[in-house]
Amino acid sequence: MSSIKLTSDSTYPFSSAVMHLVELLFVSSLSVATFALDNGLMRVPPMGWLAWERYRCDIDYVFTRPHTRLSEDGWRELGYVYVNIDDCWSSMKRDDNGRLQADPKDSQEASINWHATCMTGVSSWASTGTWAHTCGGYPGTTLDKIELDAQTFADWEVDMFKFDGCYSNATEQEQGYPLMSKALNATGRPIGYSCSWPAYQGGLPPKVNYTQLGEICNLWRNYGDIQDSWDSVLKIINWFFENQDVLVSAAGPGKWNDPDMLIAGDFGLSMEQSRSQMAIWAIMAAPLFMSNDLRTINSGARSILQNKIAISINQDPRGIPGRSILKEKSGIDVYWRPLSKNASALVFFSRRNDMPYRYQTTLSKLNYTTGSYQIYDVFTEKTMTLKDSTSFVVSVNPTGVVMWYVSAPAKRNIRQFYRGGRLQGSLFDDDENRISPVFL
Ligand code: GLA
């Protein structure tokens with residue numbers, strides 16, 4: 001999979017990240033076994049559009065002009081900047097110089113409408129010594145082609161590249177993923193690097209070395225492909241939280257777990273379930289790649305995917321993924337993510353199928369320290385103030401969520417104003433727990 005990134009002008013900024021990269025390359029050439037990626041990219045999870053789940057090998061998605069829709073319908077300003085193609089775009093044959101090439105039947109549309117040659121790129125891996133294939137059966141990248149292909153992507157001004165794992169074995173992966181990281185770095189163009197390596201090795205140690213992945217890749221698919229159904233989303237959620245002790249510490253600025261695409265706006269999820277996916281992907285600090293038809297997306301799905309607070313929680317600069325902190329017998333799960341400025345996010349998620357469930361708790365039961373908190377309900381946009389000890393009830397719809405942004409605790413007590421013995425209003429003594437303007 002390769003991608004272009006929408007920028008406000010057409011030339012790619014030759015940023016300080018590149019200068020930094022040059023320095024790093026120099027240093028790493030002295031220390032032989034290091035393949036440090038450190039391309040300065042993706043300090044927060046990447047966001048954009050990705051063809052695969054919705055379109056598979058139906059290359060006609062190019063006519064839906066996702067890049068235009070991202071620019072014209074307000075997505076780009078929210079951070080959805082990558083336009084990712086995936087498999088099946090290329091010609092079945094490399095060119096006379098051994099370079100990958102776009103399928104000629106697509107190239108005209110591509111050259112007219114897409115930045116540079118964004119219809120080009122490659123998504124796959126291949127076993128050495130045999131004919132190389134992407135997962136979809138198109139030419140892939142054998143070990144001997146890694147440098148050439150990395151240079152080709154850089155020449156095409158590709159901004160992100162996913163190296164898939166079909167038709168490869170563990171030994172080839174062990175060599176190839178670090179080599180590709182090094183080769184992409186060596187092009188001098190900052191290219192976000194997505195590795196599917198863990199997904200092909202069961203996603204867990206000891207087979208998967210997350211320390212190494214964090215050094216060579218910007219993101220990685222840990223688990224199987226998402227499909228357009230709630231069952232599929234739930235399976236992914238379950239796997240990620242069952243393995244949170246391994247996964248949370250693997251991720252951080254510049255290195256992300258990727259539970260796969262957002263499917264809100266397609267056919268398989270209700271509005272509740274779409275909110276649940278958005279909320280939980282935000283809590284997990286997951287890349288936000290939508291795979292849908294941006295021309296026909298309904299207003300409900302659009303407003304979920306464009307929810308500024310959910311996006312801000314996802315993009316929190318501390319980059320610490322959230323965790324499951326409670327799994328109630330009632331079928332309510334509580335997820336928590338620490339955020340900048342001593343704030344946090346909470347998600348109350350219902351696994352029930354019957355009716356809205358009234359879940360009662362207190363912030364102190366959810367490990368919050370003593371204090372008074374300002375709460376912003378991400379999807380209803382209501383605010384309230386809660387003390388740690390105050391009992392509250394959230395009504396969570398079946399397969400749905402309630403998602404809160406929770407401010408830092410106020411250090412001093414709330415000040416209340418009375419006139420004629422009647423409460424006129426209240427104020428906090430300091431700014432400590434104001435909801436950060438970033439979130440509003
Ligand atoms: C694999 C990947 C998918 C997609 C397809 C393309 O299944 O996991 O994300 O890239 O290959 O064939």
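A salt bridge is taken here as a side-chain nitrogen of Lys or Arg within 4 Å of a carboxyl oxygen of Asp or Glu. By this criterion the structure holds 19 salt bridges. The model is predicted: local features need pLDDT of at least 70 and side-chain atom pairs count only at pLDDT 80 or more, whereas totals for chains, interfaces and linings use all residues. Residues are numbered from 1 along each chain as its sequence is written, and side-chain values use heavy atoms, with hydrogens and water left out.

The protein chain contains 14 helices and 18 strands (DSSP runs numbered from the N terminus; helices are H or I of at least four residues, strands E of at least two). Of its 440 residues, 56% are buried (under 20% relative accessible area; exposed is over 50%, partly exposed in between; 1.4 Å probe, protein chains only).

The side chains of Asp-266 and Arg-54 form a salt bridge with an N to O distance of 3.7 Å. Asp-266 lies in the loop between strand E7 (256–258) and helix H12 (271–283) and Arg-54 in helix H2 (residues 52–55), so the pair ties together parts that are 212 residues apart in sequence. Asp-266 is buried, at 12% relative accessible area, while Arg-54 is partly exposed, at 26%. A second salt bridge joins Asp-333 and Arg-351 (2.9 Å, N to O). Asp-333 belongs to strand E10 (residues 332–338) and Arg-351 to the loop between strand E11 (344–350) and strand E12 (357–361), 18 residues apart. Asp-333 is buried, with a relative accessible area of 1%; Arg-351 is partly exposed, at 26%.

Asp-388, in the loop between strand E14 (383–387) and strand E15 (392–396), is buried yet has no salt bridge. The nearest side chain of opposite charge, that of Lys-387, is 7.1 Å away (Lys and Arg count as positive, Asp and Glu as negative; His and the chain ends are not counted). Leaving aside neighbours within four places in sequence, residues in contact with Asp-388 (heavy atoms within 4.5 Å) include Thr-362, Ser-364, Tyr-368 and Tyr-373.

An N or O atom in the side chain of Asp-87 lies 2.7 Å from a ligand oxygen atom, and for Asp-225 the corresponding distance is 2.5 Å. The protein covers 89% of the 310 Å² of accessible area that the ligand has on its own (Shrake-Rupley method, 1.4 Å probe; for residues, only the protein chains shown count as cover).

Notes: Polar contact = N/O pair within 3.5 Å; in protein donor to acceptor, adjacent residues only side chain to side chain.
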